[in-house]
Amino acid sequence: MNKLTYISIFLFLGCFFNAFKSSAQEISLFQQFNGRYDYTAFGNTLNTVENGPSSVCTINTSSSASLTLNADQTMVAAYLYWAGSDDGDFDIELNGIPVTAQRTFSDALNNDRTFFAAFADVTSIIQAEGNGVYTISEFDLTSVITPYCPTGTNFGGWAITVIYENPSLPLNQLNVYDGLESVPEELEITLENLNVFDNMGAKIGFIAWEGDQALSVNESLRVNGTLISNFPLNPGNNAFNGTNSFTGATDLYNMDIDFYGIQNNINIGDTEATISLTSGQDFVMINNIITVLNSQLPDATVSIDQIDSVCNSRDLEITYTVSNTNSTAALPQNTPIAFYADGTLVGTATTQVLLPIGDSTQQVSTVSIPTTIPNTFALSIVVDDDGTSTGIVDEINEDNNSASQILTLPTSPILPMLPNIELCDNIESIVFDLTIQEQFFSETFLTFDYFESLQDASNNTDAITNPETYSSANYPAQIYIRVTNNNTLCFSIGDFELILLESPETNQAEDLKACKLNETESATFDLTINEVNINQDSNIIFTYYETATSNDTFQDEITTPTTYNNITNPQTIYVTAENTEGCITAISFDVIVEDCEIYIPNGFSPNDDGKNDVFNILNLEAHPNHEIHIYNRYGTLIFVGNRITSHWNGIANRGTPRNKKLPTGTYFYILYLNDENTLASPLLLEQTYTGWVYLQN
C-alpha cells in the first residue's frame, strides 16, 4: 500500500477522533494476584491480510492459536478478550463451547466508525482443555465489515491471557487492567495499585487492536516518560505492528499481544506508573494491560465470623478472622485492629500471631457500645488501624482492610401499661380473651404466651393453651404475659388481672295496668314507676326497649318512658339496669290495658291480724295519679294518700293527733282518680269517689 494513502486516510479520521473519544472506557485495575505468579498470552486475528484502502475486504469467522504451559506452571486464571469493527458480536464459541460476553467495551471514530471489545472469564474451559490448539469460532463480522474497508478500519481478533503460578518465581504482584482507550495523537494511562519492592524482572504487557505494521508516523510507547521497545518485534517507533512477543508471531494483522521489560523504567517504592502512547497516523485501541512486579508486602484483610450478644446488654463478643492471603510477605504480630460503631471508635485489639503468606487467624474481642450510639448501627472492623484511621504496616492493598455489618442490639420488647380485663358476673359463660392485650404492642415480629404464675412465665413452661377462651377457678385472677421478639429471642414479662364486676341486683317488676276507655286498647303509662321496685340505688341507669333479640340484646329503645303508649295489649317491656361498672341486668314486665272497676270497702280493722288491716281500694293501681283524702266526722282532714304512700292503716298523717292511731268510728273519704284519659273525657268514668268507711280498732 502507498504510505501517502494511509496518511490521507488517518488525517481524515483524526478530525473526528476527539469528538468521539468520550465513548471509550478508561483503563483501570480489574484483578490483582500476589504471589509467585506470571502470565502468558496467545490469540489470533480474523483478518486475512493487514487492512487498508486497497486491501481485500474479507474477514474470517474463526481462527486458532496454541497454548503451551510448562509442567511447573499451574494455570490459575484465563481471560478472553475479543474485538472488532461495528457494534459487536458478543456470543462466540471457544473450542465449540458457547461463550457470552460478561463485560463489553466500545469506542468510535465517528458515527459510522464504531468498534467494540468484549471480555469473558474462560478459566474453567482452559483448565479442562489444558495445552493445545484453541479455536475461536462463530465470531461473525462478515455482514458489517464492508463499510470499514475503504478507511482501513476493518478488523477482528481475539486474545487469551493466562495467569499461572510457578514455585520457582519470585514473589510478584500481577495486576490485570482493562478498558478501551485509543489514539491517534496522544494517550496517557495511569496505572495505580502498584507496589514495587524490587524492579528486577519487571514487565508490562498489552493487548491492542487495529495497529498497522505499515503505519509508524510519530508512534511511540513510553513508561514513566522513557521510550520502551522490544527489538526486533516491537521497535521504538512502531510498537503496535501485528505481533505476539510471547510466540514471536508477526502475522497478527491489526492486533498486538506484546510485553516489555521495564526494570529500568520503574523504581522501588513506586505505587503507580504512567503509560504514554503517541501516534501520528495509526489508530490503536488498548484493551488490556498486565504488569508483573516483584513485591514483598503483606495484605491484611478481615472478616466478621460471629457476633454474640446478650439481651438488653450493649456488650458484644465479636469473633473475626484476620487473613494475609493475597500477599507476598508475612503480616507482623501486633498489627493493630480498630472497632467502630457508626464511625465512633469503640474498641481496639492487635493480631496475636505472625501471619505467614496465605495464612489466617481467628480472634475474639469484646467491645461495649456507648449509649450515644443507636440500637441499630454499622459495626466496622478495620485491621492495620491504630484507632485513628492510621495504619502502621505497608501493604499491597490499603483499601481492603475493613469488614462491616449492620447490627441491631438485642433488646426485650417494650411493655405498655396493660389494663385489667373485666367481665360482668352475670353473663352466661364467663370466658376471657387474653389475646386482646396484644393490640397494645406496636412492635412487630412478636410472639405472645400467657401463664398463671410468674415462675412459669420466667421458665416458659405450662403456658395457657386456650388464651382466647380462658376461665379461672377464682377471681380476681393474676395472668402473666411473656412477649418474645422473634428476631432476637429477647423477652419481657408483664401481668394483668382478670376481674369479675358485680352486676346490678334487680327485683321483679310489677305489671302496669291501665283502664280501657271507650274500647281503646292503648293507654299512657309511666314505665319509670317500677324503678323504685327494681333497684333503688341512685347510680343505676334504666333503659327501656320494645324488642328483645335472639342474642339477648334489645332494640327499639323507648325514649319517653314516662309517657309511653303501648302498641299491643298486653305488651312486654324490657328494661335494663346499668351500674357505674357498665354491667347490665335485664328484666321485663307487661303493660296491660283492661276493663277496670274500682271497689271501695266500707270498713277495715287495723289490728295486725293480717286480715283487713288497711283501707284497700281494689284496682286503684290502674290510676297511678290518684289521691285520697280521709276526714273525721268533724270534717277535719286526717290523711292524704297516693300511689307512693302506703294504704291507710288507721293512723293520721294530717291534723291532730298526727302519727297516732285514730279511734273507732266512721270516717269519710274523697278519692280523686286524676286520670289523663278521664280528664280528657270526664263522662267516660267518674273522676271522684266519695263515701264513708268504718274504722274498727
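**Group meeting talk: contacts, patches and backbone**

Let me start with one residue. Asp-384 is buried, with a relative accessible area of 6%. Buried means under 20% relative accessible area, exposed means over 50%, and partly exposed lies in between, with a 1.4 Å probe and protein chains only. The areas themselves come from the Shrake-Rupley method with a 1.4 Å probe, and for residues only the protein chains shown count as cover.

A word on the model. It is predicted, so local features need pLDDT of at least 70 and side-chain atom pairs count only at pLDDT 80 or more, while totals for chains, interfaces and linings use all residues. Residues are numbered from 1 along each chain as its sequence is written, and side-chain values use heavy atoms, with hydrogens and water left out.

Back to Asp-384. Where does Asp-384 sit? Asp-384 is in the loop between β22 (376–383) and β23 (402–408). Helices (H or I, at least four residues) and strands (E, at least two) are DSSP runs, numbered from the N terminus. Now look at the backbone. Asp-384 has a positive phi, about 60°, and is not a glycine.

Here is the background. Most residues other than glycine have a negative phi, and most peptide bonds are trans.

Glu-138 is another case: its phi is positive too, near 55°. Glu-138 belongs to the loop between β9 (132–137) and β10 (156–165). Is Glu-138 buried or exposed? Glu-138 counts as exposed, at 51% relative accessibility. Asp-384, recall, is buried.

Next, the cis peptide bonds. Which residues does a cis bond with omega of about 5° join? Phe-231 and Pro-232. Pro-232 lies in the loop between β14 (226–227) and β15 (255–261). Another cis bond joins Thr-656 and Pro-657, with omega about 0°. Pro-657 is placed in the loop between β37 (637–641) and β38.

On to charges. Side chains of opposite charge can pair when their charged atoms come close. A salt bridge is counted when a side-chain nitrogen of Lys or Arg is within 4 Å of a carboxyl oxygen of Asp or Glu. How many salt bridges does this rule give? Two.

Take Lys-203 and Asp-38. Their side chains form a salt bridge at 2.9 Å, N to O. Lys-203 is in strand β12 (residues 198–209) and Asp-38 in strand β2 (residues 37–45), so this pair ties together parts that are 165 residues apart in sequence. Lys-203 is buried, with a relative accessible area of 12%. Asp-38 is buried as well, at 12%.

Now Asp-178 and Arg-103. Their closest N and O atoms are 2.5 Å apart in a salt bridge. Distant parts of the chain are linked here: Asp-178 is in strand β11 (residues 172–191), Arg-103 is in strand β7 (residues 103–110), and they are 75 residues apart. Asp-178 is buried, at 3%. Arg-103 counts as partly exposed, at 26%.

A polar contact comes next. By definition, that is a pair of N or O atoms within 3.5 Å; within protein, one must be able to donate a hydrogen and the other to accept it, and residues adjacent in sequence count only if both atoms are side-chain atoms. Which side chain does the side chain of Thr-321 contact? That of Asp-305, at 2.5 Å. Thr-321 is in strand β18 (residues 315–323). At 13% relative accessibility, Thr-321 counts as buried.

Patches are built from residues with over 30% relative accessible area and no salt bridge: like charges are joined within 9 Å, and nonpolar side chains (Val, Leu, Ile, Met, Phe, Trp, Tyr) within 5 Å. Lys and Arg count as positive, Asp and Glu as negative, while His and the chain ends are not counted. A charge is placed at NZ of Lys, CZ of Arg, CG of Asp or CD of Glu.

Glu-422, Asp-425, Glu-502, Glu-505, Asp-537 and Glu-581 form a negative patch. Asp-537 sits in the loop between α4 (531–534) and β30 (541–548). Asp-537 is partly exposed, at 47%.

The nonpolar patch is made by Phe-668, Trp-692 and Tyr-694, about 310 Å² in area. Phe-668 is in strand β38 (residues 665–672). Phe-668 is partly exposed, at 39%.

Last, some distances. For Ala-330 and Leu-297, 33 residues apart along the chain, the C-alpha separation is 7.2 Å. Ala-330 is in the loop between β18 and β19 (336–341). Ala-330 is partly exposed, at 33%.
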